[in-house]
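Okay, thanks for coming, everyone.

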Amino acid sequence: MTPRRTSLPLRTAAIPAAMALTTALAFLPTTATALGRDGHAAAAATADGPSLSYVVNTRPGQDPSRIRKAIAQAGGTVVVSYDRIGVIVVHSANPDFAKTVRKVRGVASAGNTRTAPLPAQSTDDIDTPKLLSEKQRQAVAAKAKAGQDPLEPLQWDLPAIKADKAHEKSLGSRKVTVGVIDTGVDDTHPDLAPNFDRKASVNCVTGKPDTADGAWRPTAEESPHGTHVAGEIAAAKNGIGVTGVAPGVKVSGIKVSTTAGFFYTEAVVCGFVWAAEHGVDVTNNSYYTDPWYFNCTTDPDQKALVEAVRRASSYAERRGVVNVAAAGNENYDLTSDTITDPSSPNDTTPGDREVDPSVCLDIPTQLPGVVTVASTGAKGLKSSFSNYGLGIIDIAAPGGDSTAYQKPEPPATSGLIYNTLPGGQYGYMAGTSMASPHVAGVAALIKSTHPHASARQVKALLKAEADDLACPTPYDIDGDGTVDAVCEGGKRYNGFYGAGLADALDAVEK
């Protein structure tokens, strides 16, 4: 999906054959009435604005019923209340709802989750994944070696992390489930159906779980992104198509993006809570939470969004879930003093703003406890688009790159990542979106090898077992004589690759 940055939240790079979405949504204003400190309205709230979605974060030990009463007096309607983490999702047409509720005793923060009115308007794909013809697929299948799935020769990414060698020892345990928090997963795909976990799948788009059969699937007009990610993690080794990093584990679809491709806070919160409570061991998060690329904790609305997602992801980790996230696709140094963000808010009218990434966070990527993944190409270098930063990047994995920059060894022909698409199809995509699921797959193999390991222990093993990658000096990925990014740190830990390249073989051996 988006190139981080045209205007979409998914972490797919803006290079040939990657997907991009653009958005154009209506602007909406903001104003208010007041609640006293005791939670009672000084005057009745009026619904004189567009309906918006909000998160209200309560302080520990509060009476939810009292807070809900105050929300109603402020003109809000509770959609769902996650009392175990103190996050309430609310809809309100009162332009001053957030400002009003922040004054209520027991409310820690509150903010609108979008700048476009409900429902979000749709967008159109301006590019799609690159597909192979049936003749090309047959030619590839003819080159497959014994033990390989027919299209596996195109998957240079598997030997890059020794997944092919790992599969000779273990495919992973069916007791392990990876939740794909994304655009939805087509579980009818022949490479995904054998490993799909329906009980751990859901539609969280509204912020409230929808468990109707198939609600987790993308519609025909929606992005194939989640299906591609799911295949990278757990496409079955079944003699059909491609192979996942952990082809013996289960995968679930946790749909959190609107038809327009927006990942709003209420949906992301729902996704993490669902994963925490439905047997998910690892989540993959190849997106950022819209509409702000960076959520500034100095802004009361954006601060509330950071807090809500932090609470949800931390809750999942406390319940044993390893949360893995993509680093982003703008070649940003996330340790810079300032970054120019030209894309926010991406659901109305974005404009350039200078942000300090130490206080303006890409969520969930920069949240505590989340495994942040950078992307490498077929030559093992940082992908041209991948964000980086010493102390931010935890680990690296193949996410692809322009074939002109990093061309794979034959029989693979493209520097992009080949995997599953809805409708039984396969295609190329690239981005840190594609790197993150490789790490999620390796984490699933570690959990399979060490079934009683805590989330913290799995994360420690991910890093300890990674292969060291030294900083390239200089990093001139396009060969034009200009340094394209500066890597800081040593061979064992640096800003491009973190602890190194994920290692699937060690995951099943150690």
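Let me start with a question: which residue in β3 is the bridge partner of glycine 76? It's serine 92. Before I go on, a word on the ground rules: this is a predicted model, where local features need pLDDT of at least 70 and side-chain atom pairs count only at pLDDT 80 or more, while totals for chains, interfaces and linings use all residues. Residues are numbered from 1 along each chain as its sequence is written, and side-chain values use heavy atoms, with hydrogens and water left out. Helices and strands are DSSP runs numbered from the N terminus (H or I, at least four residues, for a helix; E, at least two, for a strand).

β2 and β3 (residues 87–92) run antiparallel and are joined by six bridges; strands pair if DSSP finds at least two bridges between them. They belong to an open sheet of four strands, in the order β2-β3-β1-β4, with antiparallel pairing. At the edges sit β2 (76–82) and β4 (107–112), each pairing on one side only. From one strand to the next, the twist averages 20°.

Now, what lies across the sheet? Helix α1 (residues 64–73) lies across β1 (52–58), β2, β3 and β4, and runs at about 150° to β2. Angles here go from 0 to 180 degrees between N-to-C directions, with axes fitted to C-alpha atoms, for helices over the stretch in contact. Helix α7 packs on the sheet too, touching β1, β2 and β3, and its direction makes about 25° with that of β2.

Two packed helices are described by the angle between their axes and the distance between the axes. For α7 (residues 265–277) and α8 (residues 300–318), that's an angle of about 10° and axes 8 Å apart. So the two are roughly parallel to each other, the label for angles under 35 degrees. In contact terms (heavy atoms within 4.5 Å), α7 brings residues including Val269, Phe272 and Val273, and α8 brings Leu305, Val309 and Tyr315 among them. The contact divides into 11 nonpolar residues, two polar and one charged. Nonpolar is Ala, Val, Leu, Ile, Met, Phe, Trp, Tyr, Cys and Pro; charged is Asp, Glu, Lys and Arg; the others, Gly among them, are polar.

How many disulfides does the count come to? Three, taking a disulfide as a pair of cysteine sulfur atoms within 2.5 Å. Counting bonded cysteines along the chain, the pattern is 1-2, 3-4, 5-6.

Cysteine 204 and cysteine 270 have their sulfurs 2.0 Å apart, and the link is left-handed, with -60° about the S-S bond. Cysteine 204 is in the loop between β6 (202–203) and α6 (225–234) and cysteine 270 is in helix α7, so the pair ties together parts 66 residues apart in sequence. Both cysteine 204 and cysteine 270 are buried, meaning under 20% relative accessible area with a 1.4 Å probe, protein chains only.

Next, cysteine 296 joins cysteine 360, S to S 2.1 Å. Here the S-S torsion is about 105°, so that disulfide is right-handed. Cysteine 296 is buried at 8% relative accessible area, and cysteine 360 is buried at 4%.

Finally, cysteine 471 and cysteine 487 are joined, S to S 2.1 Å, and that link is left-handed at -60°. Both cysteine 471 and cysteine 487 lie in the loop between α10 (455–465) and α11 (504–509), 16 residues apart.

Methods
Angles under 35 degrees count as roughly parallel, over 145 as roughly antiparallel, 65 to 115 as roughly perpendicular and the rest as oblique. Buried means under 20% relative accessible area, exposed over 50%, partly exposed in between (1.4 Å probe, protein chains only).
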